[in-house]
Amino acid sequence: MPVLAALTAADLRQVVLRFRDALRDHQEELNRLNVYPVPDGDTGTNMLLTLRAGLSAGETAGTEAGIGLLAERIARGALLGARGNSGVILSQMIRGAAEAMAGLADATPADLARTWLCQEASLAP
């Protein structure tokens, strides 16, 4: 596999699709982990449905969109389609990454590092 100099919108789509597949593969396992605030057993399901909503919204960005626009659409779709606490939390993590990629055509390693720094800052007390 070649080393990428930058992540394109097409690459981001693949990353999110693989994340969706991983959530689907471990959905029941994640459902069993759910204990707070109510042990209702739907954490994995809610995360999967939230990500699917984000992916669906991402399709509206078109194939020529830059990574910033695609990330923005995925984030908005995830927020609007968020299910339960776990879905809202996931949508906010996606939003943080999208904010760090705003306006970018492609994301360099430094840009990607900034997305994680934004996440860390949003979690700080």
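Me: A nonpolar core is a set of buried Ala, Val, Leu, Ile, Met, Phe, Trp, Tyr and Cys residues joined through side-chain atoms within 4.5 Å. Which residues have the most contacts inside the largest nonpolar core?

Reply: The structure is a predicted model, in which local features need pLDDT of at least 70, side-chain atom pairs count only at pLDDT 80 or more, and totals for chains, interfaces and linings use all residues. Residues are numbered from 1 along each chain as its sequence is written, and side-chain values use heavy atoms, with hydrogens and water left out. Buried means under 20% relative accessible area, exposed over 50%, and partly exposed in between (1.4 Å probe, protein chains only). The largest core has 23 residues, and those with the most contacts inside it are L12, V16, L51, I67, L70, I94 and M101.

Me: Which helix gives the most to this core?

Reply: Helices are DSSP runs of H or I with at least four residues, and strands are runs of E with at least two, numbered from the N terminus. At least two core residues come from each of helix 1 (9-25), helix 3 (43-58), helix 4 (67-80) and helix 5 (84-101). With six residues, the most is given by helix 4.

Me: Which residues does L70 touch, not counting those up to four places away in sequence?

Reply: L70 is among the residues with the most contacts inside the largest core. Contact means heavy atoms within 4.5 Å. Beyond four places in sequence, L70 touches A9, L12, R13, G58 and A61.

Me: How many helices and strands does the protein chain have?

Reply: Along the sequence, the pattern reads α-α-α-α-α-α. The count for the protein chain is therefore six helices and zero strands.

Me: What radius of gyration does the protein chain have?

Reply: This radius is taken over C-alpha atoms, and the globule rule is 2.2 Å times the number of residues to the power 0.38. For 125 residues, a compact globule would have a value near 14 Å, with which the chain agrees. The C-alpha trace spans about 40 × 35 × 30 Å along its principal axes. The radius of gyration of the protein chain is 15 Å.

Me: Is T43 buried or exposed?

Reply: T43 lies in helix 3. Apart from neighbours within four places in sequence, T43 contacts L30, N31, N34 and S86. Because its relative accessibility is 17%, T43 counts as buried.

Me: What is the relative accessible area of G62?

Reply: G62 is located in the loop between helix 3 and helix 4. Its C-alpha atom is separated by 29 Å from that of G84, 22 residues apart along the chain. G62 is partly exposed, and its relative accessible area is 26%.
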